[in-house]
Amino acid sequence: MIELIRTLGGFLWDYILLFALVGVGLYLTVLLRFPQFTRVFPAISRLIKDIKENKPAEAGRMTSFQSLATAVAAQVGTGNIVGVASAIAAGGPGAAFWMIVSAFFGMSTIFAEAVLAQVYRKETPTGELVGGPAYYIRYGLNNVWLSYIFAVLAAIGMGIVGTMVQSNAIVTSLSESFGFPPVWATIALLVVVGVILTGGMGRIAGFSEKIVPLMAGAYILGSLIIVFINFRNFVPTLQIIVQSAFSPQAVGGGALGITVRETMRFGVARGLFSNEAGLGSTPHSHAVAHTDHPAEQGFIAMIGVFISTFLICTSTAMVNLMSGAYIPTIPAAEMSQQATLMTQNAFVSGFGTFGGAFLSLSLSSFALTTIVGWYFFAESNVKMLVRNKKPLVVTFKMIFLAFIIVGPLLDPDVVWSINDLFTGLMALPNIIALIFLAKEAQWLLKDYDRQVASGKLEWPDLETQPWRRKNQKKANR
Amino acid sequence: MLTNVFIVLAATLASLIAMPVDGGFRISLGVVVLFAGIHLFHVKRPILWAAIGGLSISLFRMLVASFSGPMSGIEASNHLWEFFFFIGYGIIYYYAIRRNTSDYPLPLVAALSLGDAGGNFLEYYLRHLAADEAWATTSLLTILLAAVLRSVLIVTIVWLGSRFVKPGPNREKVRYD
């Protein structure tokens with residue numbers, strides 16, 4: 001059975017999603033006229049201004065920064081450390097180049113996801129906003145069944161399987177590095193997550209906005225120190241990355257058995273998986289942000305990809321390559337088996353035994369924030385499936401907490417394989433929706449520019465738009 | 001204030017009744033009475049009163065143990081570590097129940113079980129850290145089962161109390177679902 005799951009997951013990622021996600025990213029990049037170049041940095045400065053003003057969020061909503069922090073909490077996970085190391089080990093240094101290229105296109109995808117999530121969000125009877133791909137598939141694409149399929153896959157994929165993957169990673173990391181018995185590490189994790197969840201959306205947002213900048217900042221700083229220690233290798237490492245992206249054989253790939261195709265495949269897949277652009281996860285948090293115009297949240301969402309891949313994944317790649325932890329003369333198959341140890345060796349080379357503890361702590365905090373973020377995303381889908389019925393949402397919360405306990409008891413390879421399959425399947429309905437709703441994202445971006453040029457910014461009048469009327473007609477039928 | 005002192009005293013006396021479980025674990029009625037009282041009477045500053053209750057229970061246990069013969073420093077400190085269980089429980093109780101702002105709150109039994117498990121973690125972690133003791137080898141199932149059992153008892157007492165005992169002016173605030 002597990003072999004079948006692995007084969008299906010491998011086929012889905014290698015032959016369908018890789019092309020579909022890059023294709024959608026490319027299409028949206030052209031349609032939206034390369035927003036990566038013109039929109040990200042103004043959005044960063046606006047975000048900093050918002051943080052300085054420190055406006056509290058209204059009840060049932062998040063501030064733009066909180067929604068970004070919650071999205072980044074989910075985006076930045078064990079994949080940003082272990083996954084990047086595995087991609088470099090299996091695909092060579094050039095994988096880092098393709099990882100960045102895929103993230104570049106992913107920025108357009110995530111812009112469209114966030115904008116659509118804002119437009120098609122709904123309010124629960126308790127006044128909380130809720131949204132995400134299931135909502136824009138249902139109300140934008142007017143396809144109820146596809147929205148249910150997405151919601152079920154997302155609830156299971158992120159709320160159950162994903163949780164087990166991350167809890168397994170935390171417990172293993174804490175017990176191996178700090179000597180915590182797995183039983184007590186599980187208890188500690190359960191209690192921390194349980195307490196965060198009892199505070200609802202407000203506490204999840206509060207936790208994310210405090211922890212995410214701290215953990216991301218600490219990891220980037222730690223990586224920068226390693227980079228500075230090995231600064232003499234900086235330019236040669238950049239040369240190797242670019243050279244092996246197009247010709248891995250020139251760097252020793254011939255002996256290692258790495259081809260350009262493999263370099264691209266591992267790099268692109270890691271880039272897409274790390275920033276989750278197109279998978280349909282992050283729109284859940286962007287949907288609940290309070291903004292003046294949906295496009296504003298789209299720009300903020302692009303920062304998430306920038307942080308996750310451009311900063312954190314690149315940090316991991318540079319640390320591995322510059323410290324000498326990656327050894328080009330070792331064959332890829334052998335190097336892949338040591339991928340987890342590779343980054344640990346890199347940090348130990350810079351900080352001694354503290355490096356191992358630092359990495360373990362980073363890994364655990366990345367996984368913890370992913371658990372919290374994914375719960376929030378999964379709950380949004382459960383709310384749609386059960387029509388906000390309180391006992392059923394609470395039951396899901398209990399099941400979610402129970403799977404935190406189950407995760408560390410299972411074989412991580414098995415859970416990872418199931419997780420890959422579910423996240424992959426979840427992406428399919430989202431990609432379909434993005435293709436069909438891309439024009440709406442384009443219109444919203446143009447509307448934003450029009451409004452900015454006219455000097456006033458307000459929520460667009462969506463009801464008068466031709467595509468909305470068409471949707472309405474379909475829905476009525 | 002008088003009610004709070006009464007709860008602490010009742011919990012201290014109740015702590016004499018305990019059922020041993022494996023790995024040095026035991027289910028004591030002290031924590032059950034203390035948190036049932038704190039919840040039922042909606043005691044203000046629950047962390048402080050959990051700490052006072054914990055200290056009282058720890059000292060009382062030490063006193064009772066001293067009746068059966070001379071006590072070594074290790075034995076005495078063994079009782080004092082329990083104090084941290086109550087602080088941990090109190091903190092988690094405060095955040096998971098009193099400051100529960102979720103529209104979809106966890107059932108009281110589950111939230112109390114989190115407090116119980118968290119209190120145990122804090123106590124055993126500090127024992128390990130400060131006193132260099134080996135981690136308790138209790139199984140995950142035992143810890144969780146004990147936590148759930150104690151929480152069910154607390155909820156039962158709260159439910160009975162809210163029906164048959166006048167829980168004060170904050171009666172409407174007591175939840176036992």
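Predicted model: local features only at pLDDT ≥ 70, side-chain atom pairs only at ≥ 80, totals over all residues.
Helices here are DSSP runs of H or I with at least four residues, numbered from the N terminus.

Helix α3 of chain A covers residues 40–53. Its 14 residues reach 20 Å from the first C-alpha to the last, close to the 20 Å expected at 1.5 Å a residue.

Stepping back to the whole of chain A, we find 21 helices and two strands. The C-alpha trace spans about 65 × 50 × 50 Å along the principal axes of chain A. A compact globule of 477 residues would have a radius of gyration near 23 Å, and the 21 Å of chain A agrees with that. Of the 477 residues in chain A, 57% count as buried. Contacts in chain A also reach across the sequence: among those with a separation of 6 or more, 83% are between residues 24 or more positions apart.

One such place to look at is A:I258, which sits in the loop between α12 (253–256) and α13 (260–275) of chain A. Is A:I258 buried or exposed? A:I258 is buried, because 28 other C-beta atoms lie within 10 Å and the cut-off for burial is 20 or more. Along the chain, A:I258 and A:A90 are 168 residues apart, yet their C-alpha atoms are separated by 7.6 Å.

The axes of α9 (residues 182–197) and α18 (residues 353–385) of chain A come within 11 Å and cross at roughly 40°. The crossing of α9(A) past α18(A) is right-handed. Which residues meet where α9(A) and α18(A) are in contact? From α9(A) come A:V192, A:V193, A:I196 and A:L197, and from α18(A) come A:L368, A:I371, A:V372 and A:Y375. Sorted by class, this contact has eight nonpolar residues, no polar ones and no charged ones.

If you carry on past α18(A), you come to A:N388, in the loop between α18 and α19 (390–406) of chain A. A:N388 is not a glycine, although its phi is positive at about 60°. With 18 C-beta neighbours inside 10 Å, A:N388 counts as partly exposed. A:N142 can be viewed alongside it. This residue is placed in the loop between α7 (133–139) and α8 (144–178) of chain A. Phi of A:N142 is positive too, near 55°, in a residue other than glycine. A:N142 is partly exposed, with 18 other C-beta atoms within 10 Å.

Now for chain B. Its secondary structure comes to seven helices and two strands, and from the N terminus on the order is α-β-β-α-α-α-α-α-α. The C-alpha atoms of chain B fill a box of roughly 50 × 35 × 25 Å along the principal axes. For 177 residues a compact globule would have a radius of gyration near 16 Å, and chain B, with 16 Å, agrees. Buried residues make up 42% of chain B. Among contacts in chain B between residues at least 6 apart in sequence, 72% join residues at least 24 apart.

The buried residues of α3(B) include B:W49, B:I57 and B:R61. The buried residues of this helix pack against α1 (2–14), α2 (29–40), α4 (73–80) and α5 of chain B. After α3(B) comes B:G69, with a positive phi near 140°.

Finally, let us turn to where the two chains touch. The contact takes 23 residues from chain B and 24 residues from chain A. On the chain B side, the elements that give two or more residues are α5 (82–98), α6 (108–130) and α7 (140–164). Which element gives the most to the side of chain B that touches chain A? That is α6(B), with seven residues. By class, the chain B side divides into 16 nonpolar, five polar and two charged residues.

How values were computed. Residues numbered from 1 in each chain as written. Chains lettered and ligands numbered in written order. Axes fitted to C-alpha atoms, helices over the stretch in contact; angles between N-to-C directions. Left-handed = near helix turned anticlockwise from the far one by under 90°. Contact = placed C-beta atoms within 7 Å. Nonpolar A, V, L, I, M, F, W, Y, C, P; charged D, E, K, R; others polar. Rg over C-alpha atoms; globule rule 2.2 N^0.38 Å. Buried ≥ 20, exposed ≤ 12 C-beta atoms within 10 Å, placed from the backbone. Expected span 1.5 Å × (residues − 1).
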